[in-house]
Amino acid sequence: MAHAHPHAEASCKICAEEPPAALLAACRAAGLRRTHLLRRVLEILQRQSAPVSIRELSAARGVRDDCDPATLYRLLQRLEAKGLVRRIGLHERAAHYTLRRGHHHDYVVCRECGDVALLDMACPAQKLEREVGRRTGFKDVDHELQFYGVCPKCK
Ligand SMILES: [Zn+2]
Ligand SMILES: [Zn+2]
C-alpha cells in the first residue's frame, strides 16, 4: 500500500489546492497516512458536491499515472470504514464516493448503469428520524437514503 510520491511534499505541482486542514487532521486521527493519493482524492471529492464514481477518480489527473486501481480502491474502503466518505451506488465498478459533510443529500441510483443522481428535494426522512429517536431513545439519529430505479438514459 506504500505509495511513492514522485515529488517532494512541499513542491508538488499537481496539488494546486490543499484539502482543508480539518479533513487531513481527521484522516490522521483515523490512522491514515498522508500520501499524495490521499490528498488528491480528498481534493477531488471536496471540489465535487456530486458523488464521484470510482472510474472518474481513477482517471483523474494525479491519480491515473500515480497509482493502481487496487490501491485507490483500498484507500476509499478505508476512508469509508472511518466514516470520512460515504459510498453510494451498487456494485464495485459503479460505486460513487462523496465526502461526509455537515449536511447530507439523498440519492437515486440507476439499477442498469449505476449512475447516481442527487435527489433535489427536501429530505423526506427528517420527520422519520425524530420518530425513530422518540421510539427508540436513540440520540443523533441519522440516515442514508438511496432510492433505486432506471435512469432516463437506460429507460
Ligand atoms: Zn442508467
Ligand atoms: Zn435525507
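**Exercise 1.** Determine which elements the buried residues of α4 pack against.

*Solution.* Helices (H or I, at least four residues) and strands (E, at least two) are DSSP runs, numbered from the N terminus. The model is predicted: local features need pLDDT of at least 70, side-chain atom pairs count only at pLDDT 80 or more, and totals for chains, interfaces and linings use all residues. Residues are numbered from 1 along each chain as its sequence is written, while chains are lettered from A and ligands numbered from 1 in the order in which they are written.

Step 1. A residue is buried if 20 or more other C-beta atoms lie within 10 Å of its own, exposed if 12 or fewer, and partly exposed in between, with C-beta atoms placed from the backbone. In α4, the buried residues are Leu72, Leu75, Leu76 and Leu79.

Step 2. Viewed down the axis of α4, these residues fall within an arc of 100 degrees, so they line one face of the helix; the arc is that of the directions from the helix axis to the C-beta atoms. Ala70 and Ala81, on the other side of α4, are exposed.

Step 3. The partners of the buried residues of α4 are α2 (36-47), α3 (54-59), β2 (85-88) and β3 (96-99).

**Exercise 2.** Describe how α2 and α4 pack.

*Solution.* Step 1. Axes are lines fitted to C-alpha atoms, for helices over the stretch in contact, and angles run from 0 to 180 degrees between N-to-C directions. The angle between α2 and α4 is about 65 degrees, and their axes are 11 Å apart.

Step 1. α2 is therefore roughly perpendicular to α4, since angles under 35 degrees count as roughly parallel, over 145 as roughly antiparallel, 65 to 115 as roughly perpendicular and the rest as oblique.

Step 2. Leu37, Leu38 and Val41 of α2 make the contact with Thr71, Leu72 and Leu75 of α4; two residues are in contact if their C-beta atoms, placed from the backbone, lie within 7 Å.

**Exercise 3.** Characterise Asp140 and His143 in the loop between α5 and β6.

*Solution.* Step 1. Asp140 has a positive phi of about 50 degrees although it is not a glycine. Most residues other than glycine have a negative phi.

Step 1. Asp140 is exposed, with 6 other C-beta atoms within 10 Å. His143 has 13 C-beta neighbours inside 10 Å and therefore counts as partly exposed.

Step 2. Leaving aside neighbours within four places in sequence, His143 is in contact with Ala125 and Glu129.
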